[in-house]
Amino acid sequence: MLWLKAWLETRWKLLWMLFMSALLVGPPLELFSSAQTRHPQQLLILLPINVMLCFITAITLAGSGIQTASPRPGGLEKGGEGSTLFTLSLPVTRARLFAVRTAIGVLELLALLISFNFVMWLVIPQLATNVHIGIGYFAASVSSSLAVYAISACLATFCDEGWRFRASGLTIMVLFMLGIGGKLPRSVDIFRGIGATSSLVVQQIPWVAIATGCVLALLFFGAALIIIRRRDY
Amino acid sequence: MIFHLNHSSGIPVYLQLMQQIRHGVETGALRAGERLPTIRSLAEELVVNPNTVVRAYRELQHEGIVELRQGSGAYVGRSVVERRQIMTKGGKLIGSAIERLTALGLSEEEIRRIVENELAVARKKSDTEVA
Amino acid sequence: MSEAVIEIEGLRKCFGAQAALDGLDLRVPAGSVFGFLGRNGAGKTTTIKHLLGLIKADGGSARIFGQPVGDPNMSVAIRRRIGFVTEDKDLYPYMTVDGIIRFTRPFFPGWQRDLEQRYLDVFELPRGKRISQLSKGMRSKLMLLLAICHGAELLVLDEPMDGLDPPAVEQVLRELVAIAAEQGTTIFFSSHQLPEVEQIADHVAIIDGGKMLVCGELDDLKTHYQRLSLVCSDEPPGDVARMEGVVSVRRSGRMLSILVSRNVETIAAQLRQLPGVAIERFPVTLKELFLEHVGNGKCSG
């Protein structure tokens, strides 16, 4: 039942993201498919959008409701957000509440990524010719989104909604900028796989970036879980 | 038997219940051997704590007005009839005392206060005797 | 002495510089209907939140069912045995009445399905209505339904009658009495409705400033607390306030009003020995008791 609750609470956010992505992606795709030349370089128009999309989605979905699942100490003292008290009085560990909430978020994120990539494949025939590269791109976007999601979820364990948004947004931006400027070592730059140096352009599967993304994701999920376990009462 | 309870009177509810059961016995609303409501049903009907009913029944049992029979409930005691007769006698005594005090010129309120005072004195006496 | 369901000793909690709980001691016997009274901000809700593991205390200890509160291994098991109604009766606004019943049911193995319909009828809660459309009173009743149906041994209710009109209050009281009578459930509730507390509680506790002021069986409190009204022919004695058992003394001319918490006979006897004294006795209501200890009663001369 916790799954249902988490779904009910986040479905509007998901729909909103789907809607936004349609808006963001629609015009460039339109433009692209009607253009005479189908030069791979023009794919570059789509990539930043995809990046933005993944991250905004990740940040939005992640952590939403995590404060509900397991507020930071002191969060409950004055009032406490409405139904939080009811949820916490149920005989469920906070770790479980967090896990379910996070899992639903990840599933929704994946759904979004899959649908976006699927649409891209339809519209850009070049992708279909080289399936490996396409999958590589997909994998890179998944892993970096998961990393962003995890960072956001971890931050959610001690920030309220508004601050979390800003905090995670800021972190991501900083990492991104550093990545573009070439200041980050290859292993840490999770955005390598989906940005300008993405597999689609370079025609290589960005194994390192994918690995980095996954590792970071696991790290931050783990950290969040430990923090929550400690608070479990 | 209908009870009239005043929760904000400051008099414990169990005492009010006891008074009213005793009164019921005196006036004949409750007859000797008659079955009183179960603790549960009376508590639910009057919307009072069940322990209140328990206490009232128990104290009345000590006074001999109520018998608690294992498994079947609370019954008005058989010796109740005698009690009624004593109460009637008592009524006559007090009645003539009131007549005389009224003849002295005391008001109803004053008479009541005297009675309460004397009851308190008597209680103090019996307390010190017991102690 | 029956075993205690809730035991609190020396509980302390500060929010910043302010002490919400300042060495609170409390003991709730099993099977009792326990009224927890205090002004707003006295620490009632803080205590209740601590009992449910929602707030960590700064000092002291609390045990429920003999288990220390805050032991992570036990806390889920404990919560399965407790029904809770929160101060702000907030549930999930997007769910319907039926929805939240179905949501809550699987968490509690002791859930009593036959009671669901009974309480839906008694409390007049429409199954299909969305929680966001329910009034505060209806949400109170819904939370109570959820707490009762899961077959809890202990009900912890924070202002359960908040938002209810008198007939609804009577309904709730009747149901609480029925549960206490039929299932021996311990009911620990905080309330501002003193007449209602007087009606069904067998124990009460009054707290103020995070400390326990008065605690005991309600019948005993009502028997031992008495008000003596004294009229003296001359100057009233000045040392009445220092007599053992006297809580407060109020004076107007030759008349004294004395609130006594015990030894009323001894005090009355001593006072009767003074020249030209007329004494009357009055019982004390819970409201008077409460106000004396917490509100405006403490003054003399």
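These questions and answers tour a predicted model.

Visitor: How are residues numbered in each chain?
Guide: Chains are lettered from A and ligands numbered from 1, both in the order written. This predicted model requires pLDDT of at least 70 for local features and 80 or more for side-chain atom pairs, while totals for chains, interfaces and linings use all residues, and residues along each chain, as its sequence is written, are numbered from 1.

Visitor: Which element of chain A has the highest mean pLDDT?
Guide: pLDDT is the predictor's confidence in each residue, from 0 to 100. Chain A averages 67, with 45% of its residues at 70 or more. Helices (H or I, at least four residues) and strands (E, at least two) are DSSP runs, numbered from the N terminus. Helix α3 (residues 66-69) of chain A has the lowest mean, 52, and the highest, 81, belongs to helix α4 (residues 84-89) of chain A.

Visitor: How far apart are the centres of the two domains of chain C?
Guide: Domain bounds come from an automatic or database domain assignment. In chain C they give domain 1 (4-220) and domain 2 (226-283). Taken over C-alpha atoms, the separation of their centres is 40 Å.

Visitor: And where the C-alpha centres of chain B's domains are concerned, how many Å apart do they lie?
Guide: Chain B splits into domain 1 (13-78) and domain 2 (81-130). Their C-alpha centres are separated by 26 Å.

Visitor: Which element supplies the largest share of the side of chain C that touches chain B?
Guide: Contact means C-beta atoms, placed from the backbone, within 7 Å. By that test, 27 residues of chain C meet 22 of chain B. The largest share of chain C's side, eight residues, comes from α6(C).

Technical notes:
Contact = placed C-beta atoms within 7 Å.
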